[in-house]
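Hi,

Here is the structure I said I'd pass on.

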Amino acid sequence: MGADQSNKEPLLVTQIQNPFCVVEPRFCLPTSVQIKLKENVISSSGDHFKITNANDGTLYFSCSGKAFGLQGRKTLHDCYGEPILNMKRPFISLSDKYTIFAGGNSDTELFQFKTERKYLKVKLTVYIKNSINNTDILVVLKGNWMEKSAVIYLGEPKEDGVPVAKIFRACTGKSIISGGDEYIVEIAPGVDIALIAMMCTALDDHQQYFGTAMYMHNPIVFMN
């Protein structure tokens, strides 16, 4: 049984013309999947958590990072513990810019994003190269990240953009008891689940590090 979801619209696409791959083809699954993440996970020993299948508990990724540093880094590992993506939070500054790299070091930059002053709603846009056909794809996230209610599109939503991922709260007894820190990301077939997981992890890190009040007035905009 899948995770409960109160917001049924829009429906995710059931098939895309070409797989959307940024990391590796093995992360473009043939069927849709729901992954479970945690927000605001931090302790004195660091920021470590697992990303699993929301329905059967299969481990997809783990994320590791250092806590309380002025210039932080988080690394996304596959289920075998190999680093596949990492992001670097900048030294405290007004730019609030993050950079996403391939693997576990800073040699290969994939894209970066920073905050801009807007209203409560969030819209994120970035052009990311699809490694399958070497084309630049516009990725757009719209919604309310604080409430974990958002949709990720390939293309501009107002111009027939295709919904490929949906973020929502896990409405379960466990999530209510734990304070609602878990949420679900439903991802369409053929879409790189590692990329989607890293985007969500980056947004959570930003909300946690720069604070809820700042986040409400500084939603994030991805930049290529």
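Let's begin with D78, which sits in strand 4 (residues 73–78); strands here are DSSP runs of E with at least two residues, helices are runs of H or I with at least four residues, and both are numbered from the N terminus. Before going further: this is a predicted model, so local features need pLDDT of at least 70 and side-chain atom pairs count only at pLDDT 80 or more, while totals for chains, interfaces and linings use all residues. Residues are numbered from 1 along each chain as its sequence is written, and side-chain values use heavy atoms, with hydrogens and water left out.

D78 has a relative accessible area of 4%, so it counts as buried (buried is under 20% relative accessible area, exposed over 50%, partly exposed in between, with a 1.4 Å probe and protein chains only). Its side chain makes a polar contact of 2.8 Å with the side chain of R26, and also reaches the backbone nitrogen of Y80 at 2.9 Å. (A polar contact is a pair of N or O atoms within 3.5 Å; within protein, one must be able to donate a hydrogen and the other to accept it, and residues adjacent in sequence count only if both atoms are side-chain atoms.)

N134 is not a glycine, yet has a positive phi of about 60°; you'll find N134 in the loop between strand 8 (122–130) and strand 9 (135–144), exposed at 55% relative accessibility. K148 isn't a glycine either and has a positive phi of about 55°. K148 lies in the loop between strand 9 and strand 10 (149–154), but is buried at 1%.

Cheers
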